[in-house]
Amino acid sequence: AENLLTVDGLSLDFRTGRGRVRALRDVSFPVRRGRILGIVGESGSGKSTVLWSILGLLARNAEVTAGRIDFEGRDLLTLGGADLRAVRGEKISVVFQDPMTSQIPVLPYARQMEDILYRRPLSRAAKRDAAVDLLRRVGIPDPDSRIDAYPHQFSGGMRQRAAIAMSMLTGPNLLLADEPTTALDVTTEAQIVALMRDLQTEFETTIVVVSHDLGLIAELCDDVVVMYAGEVVETGEVRDIFHHARHPYTRALLECDPARIAEVSRRLPVIRGDLPDLTRPLQGCIFAPRCQRAMPGCATIPPPVVPRGTGAAKCHLLDGPLADPDWPPPAGT
Ligand code: SF4
Ligand code: MG
């Protein structure tokens, strides 16, 4: 199939002392095989929750109320215990923002990487060779001896390289990355971006990156999902979206100058207003309270999801009785 993974109508609540927080609502998007997809949004947009849902690592107070996550013909949300661990260990792997949280400080990389391959009927020497080879591929100098180092003996950038090597060790079909460069300086970030692109090309791994950093998404990704307050508001190819965004939220993020995003706007710009209270009943467009283009009706009538190419945008301006034939304005205006 063209899609390796499909998130289909995912809705999820968190039970809290304030009541149910409707953290994800009808989230749908495909992850196309062999491509790099970015999920971008502010803190509170639900982007990390989507990633944890794919991994089956949701908090205890999370409850999926609707939807499926299809991966190779199975719904990941219905897998339990051993099946889920097998998928997570062999077919889907993850890189975190801070590799210290996923690396074991008291074990040298050699041991940690051998342990990742515990399902494989290989000798220790063969596992070590495979690990050394991957450390070399991710640019760790002198990997034959550095493999015996402990995480604290590596710099932040080297640790993230090692984390990526560890995540690639089982040859996963899908690599998930949560803010993989946020803890790194700009130079190291650029190196990690180049590395992820190289790995994607060499191994044809499909990658999903969650980030609040539009510059990272622009540099690294082929496709993008824009999330706002628990909903997908726009999806599509990075090229299309960065130059011809159709949702007012995406356009506000891009601040009218898509060509300069990669250099100038490293972080999401601040848009006036607060995120909606997701414990209250929601109707109409979730972005209406902050939207500069909001019309009478936007706050009460659910906006249509209007496809374009491989993507879609959810806004009344694009279709139906509230459509504006002059929307969206040309790029840069
Ligand atoms: Fe703005 Fe209305 Fe479109 Fe929502 S539906 S983004 S409020 S114009
Ligand atoms: Mg997060």
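Mentor: A residue counts as buried if 20 or more other C-beta atoms lie within 10 Å of its own. Keep in mind that this is a predicted model.

Trainee: What makes α6 mostly covered?

Mentor: Of its 13 residues, 11 are buried. They are G157, M158, R159, Q160, R161, A162, A163, I164, A165, M166 and S167.

Trainee: Which elements do the buried residues of α6 pack against?

Mentor: Their partners are the strands β6 (92–95) and β7 (174–178), together with the helices α3 (109–116), α4 (124–137) and α7 (186–203).

Trainee: How do you know that the span of helix α6 agrees with its number of residues?

Mentor: The expected span is 1.5 Å times one less than the number of residues. For the 13 residues of α6 (residues 156–168) that gives 18 Å, and the end C-alpha atoms are 18 Å apart, so the two agree.

Trainee: Why are α3 and α4 called roughly perpendicular?

Mentor: Their packing angle is about 105°, with the axes 9 Å apart. Angles of 65 to 115 degrees count as roughly perpendicular, so the term applies to this pair.

Trainee: Which residues make that contact?

Mentor: α3 contributes A110, M113 and E114, and α4 contributes R124, K127, R128 and A131. By class, three are nonpolar, none is polar and four are charged.

Trainee: What classes make up the shell around ligand 1?

Mentor: The shell has 11 nonpolar residues, one polar and one charged. Of the 13 residues around ligand 1, the ones that come nearest are C285, A288, C291, C298 and C315. Cys and Ala both count as nonpolar.

Notes: Residues are numbered from 1 along each chain as its sequence is written. Chains are lettered from A and ligands numbered from 1 in the order in which they are written. This is a predicted model: local features need pLDDT of at least 70, side-chain atom pairs count only at pLDDT 80 or more; totals for chains, interfaces and linings use all residues. Helices (H or I, at least four residues) and strands (E, at least two) are DSSP runs, numbered from the N terminus. A residue is buried if 20 or more other C-beta atoms lie within 10 Å of its own, exposed if 12 or fewer, and partly exposed in between; C-beta atoms are placed from the backbone. Two residues are in contact if their C-beta atoms, placed from the backbone, lie within 7 Å. A residue is near a molecule or strand if its C-beta atom, placed from the backbone, lies within 6 Å of it. Axes are lines fitted to C-alpha atoms, for helices over the stretch in contact, and angles run from 0 to 180 degrees between N-to-C directions. Angles under 35 degrees count as roughly parallel, over 145 as roughly antiparallel, 65 to 115 as roughly perpendicular and the rest as oblique.
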